[in-house]
Each structure stands twice: as structure tokens, then as C-alpha cells.
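Welcome to my notebook. I went through this structure one feature at a time and wrote down what I looked up.

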Amino acid sequence: MWSPSERTAPFCFYAAFGLAGMMLGPPIGGFVGETLGYRWCDWISAIWGGLALLSCIIFLPETLAPILLKYKAQHLRRLTGDTRYRTSLETLRLSVPFKEHFKEALSRPFLMAVQEPIVILFSAYISVIYIVLLGNLSIYPVIFLQWGISDGILGLTFLPVMIGLLMAGALTPLVVKFHKMEVEKCRKEGKLTGPPPEERLRFAMVGTWCLPLSLFWLAWTCYPTKSIWISLASQLFFGIGTAACFISTYQYIIDAYLSTAASALSVLTLIRYFIAGAAVLFTIPMVNTLGVHWATTLLAFISLAFCPVPFIFYYYGATIRRWSKYTPRLPGDPVPDKSLA
């Protein structure tokens, strides 16, 4: 639908605002729970989700090119009565039934989860980020209730993370500028291709360090004898780091896999939620055993251990992509970018 250059800015805004939206839940839920009761937290979420689903059904158009071409062929057949107007997908369907394609599409994500080095390593990377994200947020009540705040005010302590996410989104023009510089470099070299997918990782190579920085900061400033604002300020960097890693990782996988990127992203999402969801179960016991300071420090060390991942893929990603049977090109063949044509 879009070339790599065209989707750079929209995806950055989409990821930053999508993640920031999650941080609105606790502030709203805190006050709703205090005034209307905890059940209304679920009712409001269900109503909002239902309205969002209904609006998508009514207003969201079909954008997949093969399907749009199929609609056009069907329209031409109705107008002319000529059955020769047929797409390649429809021709293929005559010999390969939908059932076979459905099985292939359904099994591909799970095959990629065990066969694709890119998917395996980035699933681990994003899962760790989510473990740290949800683990950190799970211990917020333990940390910030030390200052004697109410449940409603406790929800407001999530806002610094949201502000950090939006700050990362505000860096979108800078990300776009660097990408355009790479595109221009390719043009000057006479290459009718865009930058390789590894260039997407530069944002993460900077932002990944914000995660352990914020957690070490939070771990050893969250004393009730110190100002709460010192601890809250650390979470700005947590939001920036989370957004930077997500934006870079997803853009990299999309550029690397192209037509099969949806399968790679779906299994990555599935794995990270399974692992991170399980991590929430042991976060509070971990805090009770280690204490708030060392439990948060442990999360910081975990995130620090995975900070080199973007660097590994930046320098060796082309070689790693060669091991894949789903990436559509060799390391020396970057993503075609129609903005260069």
C-alpha cells in the first residue's frame, strides 16, 4: 500500500499514540473505580471497544491490492459478460482451493516462530521489553502508595510514561529526516532501491538505553523521604525507550519480510503477550522477596542485557536475513522504494 518512505511517519505516529493510549487507562480507571466502582472500568472498556469495532466495520475500507483487483475484475465481468477478466488470485484459486491457502497462512506464523532467526530473536527482545513494561507498571502501586496517595492519584503516576511515549512520537520528523537522507544517498549512488531494513534500527540503538536508565533511576530514588517527582521523572525515559524500540523493531520486520510481515508480526505479538502475561504473575512475589529497590533493579539489569540486540541486527542483519526462507531478497538487495523511481 505504501513504500518504506511513505509509511515512516504514519507508523511512528501510530506506534507512539497507540502505546500512549494504554497509559490513559490507569488514570481514567483510577477515578472511575473510586467514584462508580470497579465494574464500570470493565463496562466502559467494553462499550468503547464495541464502538471502535462497529466504526471499523462501517467505515474502514478494503486496502489489500489483490482483493481490490478482484473486485475490479468482478465488476468488469458483470458489465461485459466476458469471463476472461480474471485476476491471478482467482486463476490460482481454480487449481488451489481456499482451504489449502488458509492452512498455509494459518501455519506460517508458527513455522516462523521456530524457523526464522529474525522472528525468534526479536520475539525475545520485544518480550523482554514487555516483561519490563508490565512488570514495572505492576509494581507502581507498591512504589507510589508509599507517599500516601489515593487510588485515583495513583493512576496519574502513569502519565509520565505516556508523556515519554508522546515525546518519542514528537521525534518522528527527525526519524523521517534521517530516512530521507539515506534515500538521497541511494539516489546519488544511482541505486533505484531504498535503504536496507537495518537502517530502521538506529532509533532503537539510541532509545534502548533509556529503559535500563529509567529503571535504575526509579529503583534508587523511590524512597518516601524523597520527592515523588524525582521517581516520576524517570518514567519519561521509560516511555521514550519503549516507543523507540517498538517503532524500530516493527519497521525492521515489515521491511525485511514485506508480503509475509503480517505473519511475522502476528506471532511476535502472540509470543510477547504470552510471556509478558506470565511475567506479571511473578512480579509481585518478586517484589515481596527482593524488595522494591532490588526488584526494580533486576528489571533494569534484564533490560540492560538485551540492549545490544539492535546493534547486533544493525551490523549483522544482512547476514541473518540470508538464513531466512521468507525474506524476499538477498542482503545486497534492499527494499524497493518507489519514491526513488
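I began with the term: on a 1 Å grid over the protein atoms alone, a pocket is an open set of points where a 1.4 Å probe fits, with protein on both sides within 12 Å along at least five of seven lines, and lining residues have an atom within 4 Å of a point. This is a predicted model, where local features need pLDDT of at least 70 and side-chain atom pairs pLDDT 80 or more, while totals for chains, interfaces and linings use all residues. Residues are numbered from 1 along each chain, and side-chain values use heavy atoms, without hydrogens and water.

I looked up the second largest pocket and noted a volume of about 410 Å³ (the space filled by probe spheres set on the points). Its lining has 18 residues, and Leu174, Val175, Phe178, Arg202 and Phe203 are the closest to its centre. Helices H11 (172–188), H12 (202–207) and H14 (228–257) each give two or more residues (helices are DSSP runs of H or I, at least four residues). H11 gives the largest share, five residues.

**Patch.** Next I found a nonpolar surface patch of about 640 Å², made by Leu36, Trp40, Trp43, Ile44, Ile47 and Leu51. Patch residues have over 30% relative accessible area and no salt bridge, with nonpolar side chains joined within 5 Å; a salt bridge is a Lys or Arg side-chain nitrogen within 4 Å of an Asp or Glu carboxyl oxygen. Ile44 lies in helix H3 (residues 39–59).

**Loop.** Last, I checked Leu258, in the loop between H14 and helix H15 (261–290). Leu258 has a positive phi of about 55° although it is not a glycine.

Methods:
Patch = residues over 30% accessible without salt bridge, like charges linked within 9 Å, V, L, I, M, F, W, Y side chains within 5 Å. Areas by Shrake-Rupley, 256 points an atom, 1.4 Å probe, with all protein chains shown as cover.
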